[in-house]
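Subject: A structure for you to explore

Hi,

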Amino acid sequence: METNIVTRFAPSPTGYLHIGGLRTALFNYLYARANGGKFLLRIEDTDKARNSNEAKEAILRAFNWVGLDYDGEVIYQSERFLIYQHYIELLLKEGKAYYCYMSKEELEDLRESQKARSETPRYDNRYRNFQGTPPEGIKPVVRIKAPLEGEISFEDGVKGRISINAKEIDDFIIARSDGSPTYNFVVAIDDSLMGVTDIIRGDDHLSNTPKQILIYQALNFKIPKFFHVPMILNPQGHKLSKRDGAMNVMEYQSMGYLPQALLNFLIRLGWSYGDQEVFSKEEMLKLFNPKDLNTAPSAYNQEKLLWLNSYYLKNLTNDNINALLPLYNEKIPSQKAQDMLYTELKERSKTLQEFVALLRECLLPISVYDEKMKNKLQTSENIHLLKELIIYFKAIKKPIDSTKAAEIELESFASFQGIKPKSFFMLLRFALLGKSGGVSIAPLLAVLEKEEILMRLKNALAILDIT
């Protein structure tokens with residue numbers, strides 16, 4: 001076990017939390033919790049023009065839904081500008097940063113000339129050691145003094161040793177002309193002041209790491225350990241799009257996915273433990289180690305997510321399901337309906353949405369009948385059988401209060417008609433559900449009141465009997 005581990009998740013509220021971000025949060029959460037450390041949440045909301053309060057709230061709702069608790073209060077970068085200003089002034093005072101008065105036009109001209117010479121566009125350090133009189137009308141930016149030679153190296157927990165030639169990094173901006181600090185600067189400041197020891201994030205941040213290391217070094221801060229995880233790709237090996245699954249995490253709740261299934265799915269996108277596929281939260285905490293993160297990208301697999309979701313759905317108790325039904329605007333059915341239907345509905349469903357849809361099919365009046373089934377069943381023989389079924393169910397005195405009781409009545413009717421029970425099941429299913437598929441007939445008969453059964457039989461008769 002590692003000691004004194006502090007990790008963080010630091011999303012920007014410029015959009016909703018998507019599953020790639022949730023996976024990053026999960027990895028950081030597990031590493032901290034498994035080692036008795038701290039897991040912190042920081043909202044990087046310095047971009048006032050693009051920030052969304054709704055997105056901030058959605059991030060917190062997503063954390064609450066999947067059960068990722070964090071230590072202390074949420075930290076908002078927008079409330080820490082005085083801290084950032086202090087360190088900008090400190091670097092200026094120590095000569096590790098400087099004001100750059102280059103205008104936008106000058107910078108654009110420089111880039112165009114470098115492109116014309118087939119050079120990589122970069123700032124040319126013209127104000128690095130400037131001692132003259134600042135030009136009028138220019139609000140300067142603040143640039144850090146990057147090393148002019150040598151290498152910037154670090155050990156990545158996923159990718160191994162990484163070294164960048166110092167010449168590849170120019171004197172990048174740490175404060176804009178309006179005084180607002182830049183991303184790489186505030187990230188390094190906050191991670192250090194928050195005591196973050198380990199940073200697990202997507203490898204799209206890999207190019208930021210050398211710049212952040214320069215900030216750490218300039219301020220004599222301890223450099224954390226980095227783990228850069230390959231991105232989640234779509235099945236074709238391309239960047240994940242919303243169509244492939246890169247949508248708001250809370251949309252997964254709306255679609256009927258369970259949080260435990262989603263977390264189980266995400267941990268297997270980039271990490272494995274033998275051939276094991278199903279992991280409880282306790283097992284994740286026991287087994288996860290960022291040193292075992294995969295070096296190759298993972299592919300989003302919708303079928304795997306559905307399989308996991310159906311697995312967890314089957315293992316929910318009736319009370320578990322009842323607690324979730326209000327999320328889908330569904331009332332909790334009678335105890336009888338729960339006892340008779342829930343087990344089979346769980347077997348037939350991959351998501352809670354499917355479960356609720358099947359439940360409504362069973363308990364609500366039929367609104368639409370399958371046209372193909374109607375045409376197939378529209379025979380004089382079936383019309384006669386429906387009339388006989390109505391007469392038979394009207395005559396039943398004892399309540400059909402169990403699957404066994406329903407099966408007895410079905411066998412009794414078949415015997416009286418001199419036919420096999422299965423020969424009229426398709427007709428009865430059409431009458432009770434309006435289609436060919438669906439739950440078993442016996443438990444459905446046991447759930448529905450006698451008046452409801454008769455009403456459905458009569459409605460089916462009216463539809464089929466066109467004489």
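Cys-100 has Val-141 in β5 as its bridge partner. Likewise, Tyr-99 sits opposite Val-142 of β5. Both pairs belong to the antiparallel pairing of strand β4 (residues 97-100) with β5, which has 4 bridges. Here two strands pair if DSSP finds at least two bridges between them, and strands (E, at least two residues) and helices (H or I, at least four residues) are DSSP runs, numbered from the N terminus.

Before you go further, please note that this is a predicted model: local features need pLDDT of at least 70, side-chain atom pairs count only at pLDDT 80 or more, and totals for chains, interfaces and linings use all residues. Residues are numbered from 1 along each chain as its sequence is written, and side-chain values use heavy atoms, with hydrogens and water left out.

Back to β5. Which strand does β5 join through 2 bridges? That is strand β8 (residues 173-175), and the two run antiparallel. Arg-143 stands opposite Ile-173 in β8. Together the 3 strands make an open sheet in the order β4-β5-β8, with antiparallel pairing. Its edge strands, β4 and β8, each pair on one side only. From one strand to the next, the twist averages 45°. (Axes are lines fitted to C-alpha atoms, for helices over the stretch in contact, and angles run from 0 to 180 degrees between N-to-C directions.)

Now look at the side chains of β5 (residues 141-144): Val-141 and Arg-143 point one way, Val-142 and Ile-144 point the other way, and all are buried. Buried means under 20% relative accessible area, exposed means over 50%, and partly exposed is in between (1.4 Å probe, protein chains only). Helix α3 (residues 81-93) lies across β4, β5 and β8, and runs at about 95° to β4.

There is another sheet to find. It is open too, with 3 strands in the order β1-β2-β3, and its pairing is parallel. The edge strands are β1 (6-9) and β3 (75-76), each pairing on one side only. Between β1 and strand β2 (residues 38-43) there are 4 bridges, and these strands run parallel. One place to check this is Val-6, whose bridge partner in β2 is Lys-38. Helix α2 packs on this sheet, touching β1, β2 and β3, and its direction makes about 160° with that of β2.

Why is α8 largely enclosed by the rest of the structure? The reason is that 8 of its 9 residues are buried. Among them are Leu-262, Leu-263, Phe-265 and Ile-267. The buried residues of α8 pack against α1 (19-34), α2 (53-66), α7 (249-254), α9 (281-287) and α10 (302-314).

With 0% relative accessibility, Asn-309 counts as buried. Not counting residues up to four places away in sequence, Asn-309 touches Gly-256, Tyr-257, Leu-258, Ala-261, Lys-350, Thr-351 and Leu-352. Contact here means heavy atoms within 4.5 Å.

Is Lys-242 buried or exposed? Lys-242 is exposed, with a relative accessible area of 55%. You will find Lys-242 in the loop between β11 (232-233) and α7, and it touches Met-247 and Glu-251, again leaving out residues up to four places away in sequence. UniProt lists Lys-242 as "binding site" in an unreviewed entry; UniProt positions are given in the numbering used here, feature names are shortened, and annotations may be inferred rather than shown by experiment.

Finally, zoom out. The chain has 19 helices and 12 strands. Its radius of gyration is 32 Å, well over the 23 Å that the globule rule gives for 467 residues, so the chain is more spread out than a compact globule. (The radius is taken over C-alpha atoms, and the rule is 2.2 Å times the number of residues to the power 0.38.) Along its principal axes, the C-alpha trace spans about 110 × 50 × 35 Å. Buried residues make up 48% of the 467 residues.

Happy exploring!
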